[in-house]
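Could you walk me through the side-chain interactions in this model? Please take them in running text, and give the cut-offs along the way.

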Amino acid sequence: MTRSMFCCVISLLPLTVLSFQVDSSLYRIYDTHTQQEITLPQLADALQATDVVFFGEEHNDSVAHLLEYELLKAMDERYDGIALSMEMFVSDDQLVLDEYLSNIITERNLSKDAVLWNNYKDYRPMVEYAKAQGIPVLAANAPSRYTNRVTREGLESLSVLDKSARLLLAPLPIDTLSGAYFEKFARLMGGHEGMGNLKIYQSQNLWDATMAYRISKLAKKKAVKKILHINGRFHSDEQLGTVAHLRNYLRRKVVANISCFPHESFAHPDWSAFSNLARFIILTDPDATKTFY
């Protein structure tokens, strides 16, 4: 079986047999503090003192999705009070998601009434595991209708929303993070000239701040001791974006981030380039089948 075939076959297996060890030839995990390679169990062990773990992924990285599932299981086996938080669900679908997790509605209802990503099948094993184990799942993301409004009309345009709508978002005013994150976003947009009137950057910060605010509320629940949050790695690399916003809302919690992405030299990390990205780096085989292109 080729490396690309492995990921494709695993993604199609029924949930009842998803107690596998991900083929270690497809990835390498590195501790950037010690600059040593570690195993997935060692990664889970290293999170003992961490309250919120950010797993930053490339959304089409099939190996990352397998590792997220395995890490959730490993954390649940080791620690009490695990919760899962996901960028892949928007905040106004929390009720629908909770009803599904509580067996009030069917998965068909979930797929019809919630906004599911096109590659939801990649995240489904985590949701199903959480459902089976009674793990809460946070719909962390901001509804796109509001991020779109900010892109068009700026953050101040949210002031017209009624109370029920504002409860779905981070509270106003929202800090538009400057410095390193602003420069990083400008590079993504092709330079400062691509930033226009900064409304698109305000939209990015609404996105980040809403995820952070909702994570902070979840973290304050007595039954929740440790949160695994899944998002695109732009939101958490270098502990910027959502991580930085979280520190505004939740100052006394220990946060660690993981950055996972395909890399041609995945067995040979470039420490000068990677050390500042995250507490832990996972490099995956770029030849593995992608979820989408």
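Lys-225 is found in the loop between helix 10 (199–219) and strand 6; helices (H or I, at least four residues) and strands (E, at least two) are DSSP runs, numbered from the N terminus. Leaving aside neighbours within four places in sequence, Lys-225 is in contact with Asp-51, Asp-80 and Gly-81, where contact means heavy atoms within 4.5 Å. A polar atom of the Lys-225 side chain also lies 3.0 Å from the backbone oxygen of Lys-222. For a sense of distance, Lys-225 and Gly-179 are 46 residues apart in sequence and 32 Å apart in space, C-alpha to C-alpha.

A word on the ground rules: this is a predicted model, in which local features need pLDDT of at least 70 and side-chain atom pairs count only at pLDDT 80 or more, while totals for chains, interfaces and linings use all residues. Residues are numbered from 1 along each chain as its sequence is written, and side-chain values use heavy atoms, with hydrogens and water left out.

Let's turn to the charged pairs. Side chains of opposite charge can pair when their charged atoms come close. The structure holds 11 salt bridges, each being a side-chain nitrogen of Lys or Arg within 4 Å of a carboxyl oxygen of Asp or Glu. One of them joins Asp-45 to Arg-78, with the closest N and O atoms 2.6 Å apart. Because Asp-45 lies in helix 2 (residues 40–46) and Arg-78 in helix 3 (residues 62–78), this pair ties together parts that are 33 residues apart in sequence. Asp-45 is partly exposed at 43% relative accessibility, and Arg-78 is partly exposed at 33%; the classes used here are buried for under 20% relative accessible area, exposed for over 50%, and partly exposed in between (1.4 Å probe, protein chains only).

Another salt bridge runs between Arg-145 and Asp-92, where the closest N and O atoms are 2.7 Å apart. Here the link is between distant parts of the chain, 53 residues apart: Arg-145 is in helix 7 (residues 144–153), and Asp-92 is in the loop between strand 4 (82–90) and helix 4 (94–101). Arg-145 is partly exposed, with a relative accessible area of 44%, and Asp-92 is partly exposed, with 30%.

What about Glu-238 and Lys-184? Their side chains meet in a salt bridge of 3.9 Å, N to O. Glu-238 sits in the loop between strand 6 (226–232) and helix 11 (242–249) and Lys-184 in helix 9 (residues 180–188), so the two tie together parts that are 54 residues apart in sequence. Glu-238 is partly exposed at 35% relative accessibility, whereas Lys-184 is buried at 10%. The charged end of Lys-184 also sits over the ring of Phe-234, 4.5 Å from its centre; for this, NZ of Lys or CZ of Arg must be within 6 Å of the ring centre and within 35 degrees of the ring normal.

Phe-234 leads us on to the rings. Ring pairs link Phe-234 with Tyr-181, Phe-182, Phe-185 and Tyr-201 into a cluster. Arg-233 lies over the face of Phe-261, at 4.1 Å from the ring centre, and Arg-233 is also linked with Glu-58 and Asp-237 in a network of salt bridges.

The structure holds 11 aromatic pairs. Rings of Phe, Tyr and Trp (its six-membered ring) pair if their centres lie within 6.5 Å, and planes under 30 degrees apart count as stacked, over 60 as edge-to-face and the rest as tilted. The rings of Tyr-30 and Trp-271 have centres 5.7 Å apart and planes at 90 degrees, so this pair is edge-to-face. With Tyr-30 in strand 1 (residues 27–31) and Trp-271 in helix 12 (residues 271–274), the pair ties together parts that are 241 residues apart in sequence. Both Tyr-30 and Trp-271 are buried.

Asp-31 is also in strand 1, and at 9% relative accessibility Asp-31 counts as buried. Its side chain makes a polar contact with the side chain of Arg-279 at 2.5 Å (a pair of N or O atoms within 3.5 Å; within protein, one must be able to donate a hydrogen and the other to accept it, and residues adjacent in sequence count only if both atoms are side-chain atoms). Beyond its neighbours within four places in sequence, Asp-31 is in contact with residues including Trp-271 and Arg-279.
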